[in-house]
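Here is a short walk through a predicted model. Keep the sequence and the coordinates side by side as you read.

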Amino acid sequence: MQYADITGWGKYTPPARLTNDDLATFIDTSDEWISSRTGIKERRISHINTAHMAALAGKQALARAGIDADDIDLIIVATCTPDNLVPNTASKVQQLLSTNNSACFDLSSACTGFIYALQNATAQIRMGMVKKALVIGAERMSWFVNWSVRDTAVLFGDGAGAVVLEATDIECGLLEAKLGCDSNAREILNIVNFGTDMDRYENPPGPLQIDFNGQDIFKRAVRSMGKATETVMANTNLAVSDVDLLVPHQANLRIIETLQHKLKLSDEQCMVNIQKYGNTSAATVPIALCEAVEQGKINPGNNIMSAAFGAGLTWGACYIKWGDRVTAVNDYTQQEQQCEQSAKELLSVAIKHCLQ
């Protein structure tokens with residue numbers, strides 16, 4: 001039987017930091033207000049588009065796996081902030097990687113997108129249709145944000161994370177997943193008047209509106225992520241003591257802590273980096289997974305659980321049995337990280353229009 005080993009990992013986190021104190025200069029908020037409610041201290045604002053962030057994360061993952069882009073059979077980009085709808089962002093990533101050998105498609109499941117994409121790529125490898133895949137979660141969430149609305153402006157950031165999957169006979173990689181969607185409540189997390197729903201002639205678009213029912217989202221996120229995780233653990237006969245690390249979606253520290261306590265996991269068993277990046281939607285799980293490897297939190301043979309919840313309302317959890325590789329074969333220095341502007345300078349036009 002074929003399995004899909006994770007042999008490479010990479011991330012791109014833009015250099016421009018937007019701190020809570022920065023936000024307080026143009027929104028009625030404070031570092032204490034944001035930190036106490038979300039756990040976020042700062043987030044990154046990108047000066048490059050989604051495809052470029054995805055490609056940089058992908059290049060690092062490929063280098064760490066020690067393979068060339070030409071070896072990849074499949075590229076999946078999980079994103080709800082694509083550069084274009086036609087053609088897809090994954091084809092741009094392929095172009096930036098200087099290869100034409102892979103199948104490419106985007107996957108839109110919001111914050112759960114990376115887990116959806118990881119399951120899809122793993123299934124294709126296990127069926128023998130693909131030998132090597134590049135799975136990326138990449139988001140430029142700052143493009144959606146209305147900077148005059150405090151409740152949502154403080155939450156989101158930009159970034160990308162990626163993994164390389166390779167076919168192997170050794171039992172490792174994603175071994176179980178439970179995915180779903182609660183579409184009856186999709187309106188509680190919704191970007192209004194966007195896409196072909198928008199009347200683009202009679203009502204020219206201005207700042208986007210994000211409908212966001214925080215209390216309802218919190219309850220549903222904890223319930224759905226917890227239930228999915230428990231289902232995956234039951235299906236694989238995993239006990240809490242067997243879990244080496246939980247890598248949850250980084251949306252809100254309170255959600256993470258509630259899920260952690262629900263599963264009776266210690267602080268050492270839970271990966272948290274929301275304080276640095278905020279909610280980067282489909283990019284949170286791969287960025288956190290990448291940093292967990294970089295920080296030595298993942299060892300060969302570790303049992304890793306991941307769970308996420310997003311607009312739709314999509315939800316999911318998965319069990320990853322880590323393979324042997326925890327040290328990069330090579331590495332990639334991201335020269336494109338350089339940016340001369342601050343986060344506020346990058347956002348100056350958007351802030352001006354939103355505050356009018």
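Strands here are DSSP runs of at least two residues, numbered from the N terminus. Strand E1 covers residues 3–12, and Thr7 lies in it. Thr7 counts as buried because its relative accessibility is 7%, and buried means under 20%. The side chain of Thr7 makes a polar contact of 2.7 Å with the side chain of Glu166. Setting aside neighbours within four places in sequence, Thr7 also touches other residues, including Arg64, Ala65, Val164 and Arg325.

Turn next to the nonpolar cores. The largest holds 37 residues. Those with the most contacts inside this core are Val163, Leu165, Val247, Leu289, Ile298, Ile304 and Trp322. Helix H5 (residues 113–126) supplies the largest share of this core, 7 residues.

Trp322 deserves a look of its own. Beyond its neighbours within four places in sequence, Trp322 is in contact with Ile6, Trp9, Cys172, Leu289 and Val293, among others. Its contacts also include Ile298, Asn299, Pro300, Gly301, Asn302 and Ile304. A second, separate core has 26 residues, among them Ile256, Leu263, Phe309 and Trp315.

What does a search of the whole structure for cavities of 30 Å³ or more find? It finds 1. The space in the largest cavity is about 30 Å³. Its lining is made up of Gln250, Asn273, Ile274, Tyr277, Gly278, Thr280, Thr284 and Ile287. Helix H9 (274–277) and helix H10 (284–294) are the elements that give two or more residues to this lining. By type, the lining residues divide into 3 nonpolar and 5 polar, with no charged residue.

Conventions. Residues numbered from 1 in each chain as written. Predicted model: local features only at pLDDT ≥ 70, side-chain atom pairs only at ≥ 80, totals over all residues. Heavy atoms only, no water. 1 Å grid on protein atoms, 1.4 Å probe; cavity = no way out; pocket = protein on both sides within 12 Å on 5 of 7 lines; lining within 4 Å. Points joined across faces, edges and corners; volume = space filled by probe spheres on them. Helix = DSSP H or I, 4+ residues; strand = E, 2+ residues; numbered from the N terminus. Nonpolar A, V, L, I, M, F, W, Y, C, P; charged D, E, K, R; others polar. Core = buried A, V, L, I, M, F, W, Y, C linked by side-chain atoms within 4.5 Å. Buried < 20%, exposed > 50% of the residue type's maximum accessible area, 1.4 Å probe, protein only. Contact = heavy atoms within 4.5 Å. Polar contact = N/O pair within 3.5 Å; in protein donor to acceptor, adjacent residues only side chain to side chain.
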